[in-house]
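Let's take a walk through this one together.

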Amino acid sequence: MPRRWVPAIPPDDTGVLVHGPLLLSQEPGIRAELDHVQAHGQPAGLMLHLHLHLHAETAARHLPAGPRVDSNSVGVGAEGSKPVLRVALNDLADQVHPKTYSTRTFEDTATGEARLTMQVSYWIDELPADGRAHLSISWPQAGLPETARTLVLALPDR
C-alpha cells in the first residue's frame, strides 16, 4: 500500500527548473496548465506551479466564498470546491494540498468576458528516483474531468 504525503515546509531557495510549461487539460470555460516544476536539494523535493484559467461565472459558482476552516475538504455549495491534484512517484501516491494560492480577475480583451486565473503551488517532499512524476488533475464541479500526465523531469545529478 502506498504511503501518504506528509505535510512539509518547502525550502526558501528557488530550486532548479526541471520541467517547463505543459497544458494538462482544457474544457469549455476552464483550462489547467503546469507552469513549471522546480527541484530542490535541501530539503529534497519538487515544487509544482499550476495555473487554472476559468470564466469568472464558473469561478463564482465553484470557488469558496471566503476563508475555509478545513482546507482539505472538497465540496460544493457555500464552501465551494477546488481542483484536486494527485501525484505518484517512488512508492508515494496521494492527493497533494496547495502550499500557496492566489487568484487574479481580468477582462479578456478579445471576447470582453471576465476571466479568473488561479495560481497554485504544491510541494512534494521527495524527488523521483526514476525522474518521473505522474500527475492527475480534476475539478469535476467546475467542468474539468480527471486527466493524467506523466512528467519526465530533467533532474540534476545527485
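What you have here is a predicted model, and its secondary structure comes to one helix and 10 strands. Reading from the N terminus, the order of elements is β-β-β-β-α-β-β-β-β-β-β. Of the contacts with a separation of 6 or more, 57% are between residues 24 or more positions apart.

Before going further, a look at confidence. The average pLDDT is 84, and 85% of the residues score at least 70. Among the elements, β10 has the highest confidence, with a mean of 97, while helix α1 (residues 56–62) has the lowest, with a mean of 82. The stretch to treat separately is residues 66–78, where pLDDT stays under 50. For those residues the model has 19 contacts beyond four places in sequence.

Now pick out β8, residues 114–124. Which strands does β8 pair with? One is β7 (residues 98–107), which joins β8 in the antiparallel sense over nine bridges. Along this pairing, Arg104 stands opposite Thr117, and Thr100 stands opposite Ser121. The hairpin that links β7 and β8 has six residues between the strands, and in it Gly112 takes a positive phi near 80°. Another partner is β4, again antiparallel, over 10 bridges. In that pairing, Leu52 has Met118 of β8 as its bridge partner. How covered is β8? Mostly: nine of its 11 residues are buried.

Next, find the open sheet of four strands, in the order β6-β5-β9-β10, with antiparallel pairing. At its edges stand β6 (92–96) and β10, each with a single partner strand, so one side of each is left without a neighbour in the sheet. On average, neighbouring strands of this sheet are turned by 15° against each other, direction ignored. Inside the sheet, β9 and β10 run antiparallel and are joined by seven bridges.

Time to look at how the side chains pack. In soluble globular proteins, nonpolar side chains tend to be buried together. The largest nonpolar core of this model has 33 residues. Which of them touch the most other members? They are Val37, Leu46, Leu48, Leu50, Leu52, Trp139 and Leu153. The elements that give two or more residues to this core are β3 (30–41), β4 (44–55), β5 (84–89), β8, β9 (132–139) and β10 (144–152).

Leaving aside residues up to four places away in sequence, Leu48 touches Leu34, His36, Val37, Val120, Ser121, Tyr122, Ile124 and Leu135.

Finally, zoom back out to the whole protein. Buried residues make up 42% of its 158 residues. The accessible surface comes to about 8,700 Å², of which carbon and sulfur atoms hold 54%.

Note on methods
Residues numbered from 1 in each chain as written. Heavy atoms only, no water. Pairing = 2+ DSSP bridges. Core = buried A, V, L, I, M, F, W, Y, C linked by side-chain atoms within 4.5 Å. Buried < 20%, exposed > 50% of the residue type's maximum accessible area, 1.4 Å probe, protein only. Contact = heavy atoms within 4.5 Å. Axes fitted to C-alpha atoms, helices over the stretch in contact; angles between N-to-C directions. Areas by Shrake-Rupley, 256 points an atom, 1.4 Å probe, with all protein chains shown as cover. pLDDT = per-residue confidence, 0-100.
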